[in-house]
Amino acid sequence: MKILLVYPKYPNTFWSFKHVLKFVSKKAAYPPLGLLTVAAILPGNWEKKLVDMNVDSLDDTDLKWADYVFISAMITQKDSAIEVINKCKQLNIKIVGGGPLFTTGYQEFEEVDHLILGEAESSLPIFLKDLQEGKPQKRYASDTWPNVSKTPVPLWSLINVKHYAAMLVQYSRGCPFDCEFCDIPILNGHKPRTKEIDQFIREFDVLYEHGWRGAVFVVDDNFIGNKNKVKKLLRELIIWMEKHKHPFSLLTESSLNLVDDEELMELMVMAGFRRVFVGIESPAEESLVECNKFQNRNRNMIAAIKKIQNFGMEVQGGFIVGFDNDPPSIFDRQIKFIQESGVVTAMVGLLNALPETKLYKRLKKECRLLANSSGNNTDISLNFIPKMDNELIIDGYKKILSTIYSHKKYYERIITFLQEYHPVRRGKPDFYDCMAFLKSIWFLGIVGKGKKYYWKLLLLSLFKYRRGLTEAITLAIYGLHFRRVLRDLDL
Ligand code: SF4
């Protein structure tokens with residue numbers, strides 16, 4: 001059996017980091033971890049090829065070669081996924097669809113021959129058995145969460161890791177919290193399911209053996225969902241990193257209650273975590289109540305962010321506007337919060353109701369739903385009727401983006417961050433870091449707008465905040481990406 005695994009193109013969003021890839025001579029930000037894991041579950045004697053459309057073009061010859069095309073996609077990749085599906089239909093090639101796009105919206109994909117809903121470890125083996133017995137069904141879903149301690153190591157040999165800016169690994173799935181807008185509790189459940197420590201370390205070994213050095217994103221829904229288990233893992237990771245001379249710099253996603261556990265933060269930093277993405281959502285307490293973000297409530301969130309920065313991790317933040325309880329001042333309050341906290345990589349989005357979430361169900365009941373969400377954090381629209389005037393929200397949202405990503409505010413925020421940031425410096429800058437630095441001088445310091453801010457930052461980093469020099473340059477480069485995304489949006 002010949003299987004072609006296809007990862008559709010994702011649009012140019014804040015998360016694509018498209019405009020910074022040329023700084024590090026890479027083609028895409030992240031590899032398709034889900035498809036690589038699916039490939040490892042398929043029978044070993046089947047022939048497999050993978051086309052990541054963010055790296056290579058998908059040719060008819062690739063499609064014609066295959067007996068089956070497996071497509072995995074997130075909601076944001078919908079347009080490209082539909083193009084691939086149509087192409088397969090024209091060429092009469094059987095399609096298997098999986099991933100969040102198909103799991104939460106399978107009703108829209110009648111033309112897909114086989115739908116593997118939920119986590120592949122549950123339903124894929126049943127499909128494979130039926131396929132081998134010649135009686136594959138249309139749809140496979142499972143109402144149990146698979147045991148990820150049985151998940152195989154992704155088949156990294158199907159891609160060239162050097163095309164990517166960072167590698168992805170996963171330790172756990174699921175999140176104990178229950179934020180109203182989030183689809184993680186539906187997709188992956190509340191109880192964090194973790195891999196075995198040896199199993200996870202093996203994934204590090206395999207990446208290392210494939211020659212990877214650099215950033216590794218631990219793409220857990222909430223890395224600290226089970227703090228006790230995570231601490232045990234981190235102690236082993238520290239040993240592995242020391243033995244291998246710190247080849248990876250790690251980033252992950254975590255809830256803000258990370259700040260309540262100093263031992264955990266210390267272990268993370270020792271293990272090589274340099275960045276953590278945290279869902280901040282809103283400085284308005286009433287909006288946090290509305291979306292059930294109780295882990296952020298009744299605390300000084302700016303102080304919490306600064307504490308994590310003090311420990312040596314950059315905090316990247318997710319922010320949302322459009323809650324029913326957002327006061328009219330929310331736009332200025334978000335800007336003030338983002339500036340004061342020194343969250344440089346601030347991903348601000350308009351609230352959207354993702355399929356099957358609690359928010360979606362509530363809005364449906366209230367007859368306020370308008371359309372399905374695009375899942376794209378730069379989509380300037382709400383898919384429901386908001387309480388505040390729609391135009392007011394859109395204008396306020398645009399104001400936030402154009403303010404926080406303006407040269408002045410953006411560079412000011414980097415300096416605010418550097419004042420708090422005390423990294424544990426390990427590993428030397430590699431070839432790509434040096435190239436990025438040299439290119440930043442050209443693109444940001446010589447030909448770009450806002451040169452004076454760049455040079456001020458560079459001098460301050462060299463003479464006052466030397467410890468944060470690498471991060472300062474990296475963040476300055478990210479700024480270029482964010483401003484170009486805004487330009488593409490006509491903002
Ligand atoms: S903490 Fe994050 S992952 Fe967990 S439910 Fe809330 S938004 Fe989702």
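The protein splits into domain 1 (2-140), domain 2 (165-401) and domain 3 (420-488), with bounds that come from an automatic or database domain assignment. Keep in mind that this is a predicted model: local features need pLDDT of at least 70, side-chain atom pairs count only at pLDDT 80 or more, and totals for chains, interfaces and linings use all residues. Residues are numbered from 1 along each chain as its sequence is written.

**Domain 1 meets domain 3**
- The centres of domain 1 and domain 3, taken over C-alpha atoms, sit 36 Å apart.
- Where they touch, 10 residues of domain 1 are in contact with 13 residues of domain 3; contact here means C-beta atoms, placed from the backbone, within 7 Å.
- The domain 1 side of that meeting has 5 nonpolar, 4 polar and 1 charged residues. For these classes, Ala, Val, Leu, Ile, Met, Phe, Trp, Tyr, Cys and Pro count as nonpolar, Asp, Glu, Lys and Arg as charged, and the others, Gly among them, as polar.

**H7 against H8**
- Helix H7 (residues 197-209) and helix H8 (residues 227-243) have axes that come within 10 Å and cross at roughly 35°. Helices are DSSP runs (H or I, at least four residues), numbered from the N terminus; axes are lines fitted to C-alpha atoms over the stretch in contact, and angles run from 0 to 180 degrees between N-to-C directions.
- On the H7 side you'll find Ile197, Phe200, Ile201 and Phe204, facing Lys232, Leu233, Glu236 and Trp240 of H8.
- That contact has 6 nonpolar, no polar and 2 charged residues.

**H15 and its two partners**
- The axes of H15 (residues 407-420) and H17 (residues 451-463) come within 10 Å and cross at roughly 10°.
- H15 and H17 are therefore roughly parallel (angles under 35 degrees count as such, and over 145 as roughly antiparallel).
- His407, Lys408, Tyr411, Ile414, Ile415 and Leu418 of H15 meet Tyr453, Leu457, Leu460 and Ser461 of H17, a set with 7 nonpolar, 2 polar and 1 charged residues.
- With H18 (residues 469-488), H15 packs at about 155°, the axes being 10 Å apart, so this pair is roughly antiparallel.
- Here Tyr410, Ile414 and Leu418 of H15 meet Ala472, Leu475, Ala476 and Gly479 of H18, giving 6 nonpolar, 1 polar and no charged residues.

Methods:
Helices (H or I, at least four residues) and strands (E, at least two) are DSSP runs, numbered from the N terminus. Two residues are in contact if their C-beta atoms, placed from the backbone, lie within 7 Å. Angles under 35 degrees count as roughly parallel, over 145 as roughly antiparallel, 65 to 115 as roughly perpendicular and the rest as oblique.
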